[in-house]
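Subject: Handover of a protein model

Dear colleague,

Please find below the structure that I am handing over to you.

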Amino acid sequence: MDSSNSTGILHDFPPFFRVYRNGKVERITADAETVRPSNDPHTGVQSKDTVVSQENSLSVRLFIPKIKDPSQKLPLLIYIHGGAFCIESPFSSMYHNYLTNLAHQANVIAVSVQYRRAPEHPLPIAYDDSWAAIQWVASHVNGIGVESWLNKHADFERTFLAGDSAGANIAHNMTVRAGVNGLFGVKTVGMVLAHPFFGGKEPDFFSPVIEYIFPDVKIYDDPRINPAGAGGVELASLGCSRVLIFVAGNDGLRERGYSYYDALKKSGWSGVVEIVETEGEDHVFHLFNPDCDKAVFMMKQVVSFINPVP
C-alpha cells in the first residue's frame, strides 16, 4: 500500500479513500449529495437536525411521521448509516430518503446518527460517537430532554437499533453495550442488520482498510469486528430480544452474515433471530434502488418487525 511515486500518495484503498504524504485524505467514492431537513409533501414526514456534541460538531437527523394525536407515542428507531466507516452521513440524500420512507411506513420516530469518520478519526471513535448519541437520545426518557419530538412522542419501551453495512456493525456493538451497561428507562426491543459488515478469521478485500483505520487491534480476534469469533462470547450479552438480519445473494459479506446468525443462535442469548436472504442482489441494493420490488419487500419486512401483528 505504501507508495513513493511522484503523486505523493502514501496509502491507497480503492474504492474508499487514499491518503497523501501531506496528510490530505481524498475519498474516492464520493458521498451522496447532502440534503437539508424538510417537510416531505408526499408522506407528511418532518425532519430536522439537532446538535448532540458541540465539541465534536456532531448532530443527529430526526424524522417524525404525521402525528394525529398530541399524546401519541411511537416506536423509536435509532439508525446508523453505513459506508465502510469512512463515507456517507445521515444528511446524504440516500439516507435521508430511506429514513423518510421508513418513518412513514413503520410510523416511527427515527434518529439518524452522525459519527466522525475514518481515516481522519480512526476506530473506535465511530463506536464512541454512536454510543454518545444513543445516550443523548436516552436523556429524553423522563420528558425533560432538549428535543421536543422525543420528549412528547417517543416510546422508549419500544426502541429499535438498525444499520446497514458498517452501520450494522456499529448497531450490533451498540446493542451489546446496551446489554452490558444498560440504558436507563430504554428498552431495546429489537435490532435490524442490513447486509452487515463483520470480519472473519481470514483476510478479505476489506482487511487492509480495517487494519489501517483500526490500528493496534487484532482485527481477526476483536469481537467488535468479528463477533462470531472466540465462540461468540459477547453475543450472549446482546441487549435486545429480537434480531432481524438481511443478507444479499451476490454480496461478498453474505457468508459473514450467516456466520453471525449461527454464532448468535449458539451463544446462549435468549432472544429470537431471523435471517432473510435476497437472491441475486448486491450489497445494500435497497438503498441504491429503493423502488425495486425486492427493496419494497425488504422494507415491508422491517415494518412488520417493528410493528408485529399480535
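The notes below move from the whole protein to single residues.

This is a predicted model, in which local features need pLDDT of at least 70 and side-chain atom pairs count only at pLDDT 80 or more, while totals for chains, interfaces and linings use all residues. Residues are numbered from 1 along each chain as its sequence is written, and side-chain values use heavy atoms, with hydrogens and water left out.

The whole protein

The protein contains 8 helices and 11 strands. Helices (H or I, at least four residues) and strands (E, at least two) are DSSP runs, numbered from the N terminus. For 310 residues, a compact globule would have a radius of gyration near 19 Å, and the protein agrees with this at 19 Å. That radius is taken over C-alpha atoms, and the globule rule is 2.2 Å times the number of residues to the power 0.38. Along the principal axes, the C-alpha atoms fill a box of roughly 65 × 45 × 40 Å.

Of the 310 residues, 55% are buried. Buried means under 20% relative accessible area, exposed means over 50%, and partly exposed lies in between (1.4 Å probe, protein chains only). Among contacts (heavy atoms within 4.5 Å) between residues at least 6 apart in sequence, 71% join residues at least 24 apart.

The sheet that begins with β1

An open sheet of 3 strands has the order β1-β2-β3, with antiparallel pairing. Its edge strands are β1 and β3 (25-27), each of which pairs on one side only. Two strands pair if DSSP finds at least two bridges between them; β1 and β2 (residues 17-20) are joined by 4. Within this pair, I9 stands opposite Y20 of β2.

Strand β1 covers residues 9-13 and includes H11. H11 is buried, because its relative accessible area is 15%. The C-alpha atoms of H11 and W149 are separated by 44 Å, and the two residues are 138 apart along the chain. The loop between β1 and β2 holds P15, and the peptide bond from P14 to P15 is cis, with omega near 5°.

Helix α1

Helix α1 runs over residues 93-106, and its 14 residues should span 20 Å at 1.5 Å a residue; the end C-alpha atoms are 20 Å apart, which agrees. The expected span is 1.5 Å times one less than the number of residues. The helix is largely enclosed by the rest of the structure, because 10 of its 14 residues are buried. Among them are Y95, H96, Y98 and L102. Just after α1, N107 takes a positive phi of about 55°.

Backbone points to inspect

Most residues other than glycine have a negative phi, and most peptide bonds are trans. Which residues have a positive phi although they are not glycine? One of them is F85, with a phi of about 65°. F85 is placed in the loop between β6 (74-80) and α1 and is buried, with a relative accessible area of 1%. Another is V284, with phi near 45°. V284 is found in the loop between β11 (272-278) and α7 (285-288), and is buried at a relative accessible area of 8%.

A cis peptide bond also links A118 to P119, with omega near 5°. P119 belongs to the loop between β7 (109-113) and α2 (125-138).

Yours sincerely
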